[in-house]
Amino acid sequence: MSHATSNTTIDASPKPRHSPVRREIALFARHWAWLSDQPSTPDAVLRMLVERASRDADDTYKMAQRKEACYFLMRDLIGDDAYFEDASRALFAGQLDVIKTLATHWPPQHATRIIASASQACGADQPALTNGESTSWTK
């Protein structure tokens with residue numbers, strides 16, 4: 001009875017599940033300076049930042065995207081309004097109550113859409129309004 005031996009060797013060195021893909025990126029000098037001050041290599045720091053952003057456990061990035069979308073909606077609907085700048089500042093400060101107060105100066109159909117969008121952007125648990133609904137700030 002003979003035992004067949006294998007010429008296959010097992011590589012015991014650990015290998016990452018996914019190999020990084022090398023690409024070139026362009027950053028400002030201040031970004032490179034910040035990266036060089038970090039305790040890890042620039043590659044490792046960038047991977048960590050991208051990983052954290054892609055997981056977005058606390059919805060930080062989603063909220064930023066919602067605020068940006070709401071800003072563009074406001075710009076398109078009331079960009080020429082005297083209260084647009086104040087509303088923009090309130091949006092990025094998360095001051096939904098200020099936006100609701102300013103909304104009394106806008107056409108009701110615009111105010112309704114902006115308040116619904118701002119509510120989502122500011123993390124308020126306020127459902128979007130449907131057609132025919134009115135609120136105290138649109139009367």
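**View A. Asp43 and its salt-bridge partner Arg22.** At 39% relative accessibility, D43 counts as partly exposed, whereas R22, with a relative accessible area of 73%, is exposed. In these legends, buried means under 20% relative accessible area, exposed means over 50%, and partly exposed lies in between (1.4 Å probe, protein chains only). The model is predicted: local features need pLDDT of at least 70 and side-chain atom pairs count only at pLDDT 80 or more, while totals for chains, interfaces and linings use all residues. Residues are numbered from 1 along each chain as its sequence is written, and side-chain values use heavy atoms, with hydrogens and water left out. R22 and D43 form a salt bridge in which the closest N and O atoms are 3.5 Å apart; the term denotes a side-chain nitrogen of Lys or Arg within 4 Å of a carboxyl oxygen of Asp or Glu. Because R22 lies in the segment before α1 (29-36) and D43 in helix α2, the pair ties together parts that are 21 residues apart in sequence. Helices (H or I, at least four residues) and strands (E, at least two) are DSSP runs, numbered from the N terminus.

**View B. The salt bridge between Lys62 and Asp59.** The closest N and O atoms of K62 and D59 are 3.9 Å apart. Both partners are classed as partly exposed: K62 has a relative accessible area of 41%, and D59 stands at 29% relative accessibility. By the rule stated for View A, the count for the structure comes to six salt bridges. Side chains of opposite charge can pair when their charged atoms come close.

View C. Salt bridges that share partners join E85, D86 and R89 into one network.

**View D. An aromatic cluster formed by Tyr71, Phe72, Phe84 and Phe92.** The structure holds three aromatic pairs. Rings of Phe, Tyr and Trp (its six-membered ring) pair if their centres lie within 6.5 Å; planes under 30 degrees apart count as stacked, over 60 as edge-to-face and the rest as tilted. One of the pairs, Y71 with F72, is edge-to-face, at 5.5 Å centre to centre and 65° between the planes. Y71 is partly exposed at 24% relative accessibility, as is F72 at 32%. Y71 also pairs with F84 in a tilted arrangement, at 5.7 Å centre to centre and 40° between the planes. This pair links distant parts of the chain, with Y71 in helix α3 (residues 60-78) and F84 in helix α4 (residues 84-93), 13 residues apart. F84 is buried, with a relative accessible area of 11%.

**View E. Phe72 and Ser88.** F72 is found in helix α3.

**View F. A nonpolar surface patch of Trp34, Met48 and Leu49.** W34, M48 and L49 make a patch of about 260 Å². Patches are made of residues with over 30% relative accessible area and no salt bridge: like charges are joined within 9 Å, nonpolar side chains (Val, Leu, Ile, Met, Phe, Trp, Tyr) within 5 Å. L49 lies in helix α2 (residues 42-55) and counts as partly exposed, at 31% relative accessibility.

**View G. The overall context of the close-ups.** The protein has six helices and zero strands, and from the N terminus on its elements run α-α-α-α-α-α. Buried residues make up 23% of the 139 residues. The accessible surface comes to about 10900 Å², of which 52% belongs to carbon and sulfur atoms; areas come from the Shrake-Rupley method with a 1.4 Å probe, and for residues only the protein chains shown count as cover. Among contacts (heavy atoms within 4.5 Å) between residues at least 6 apart in sequence, 44% join residues at least 24 apart.
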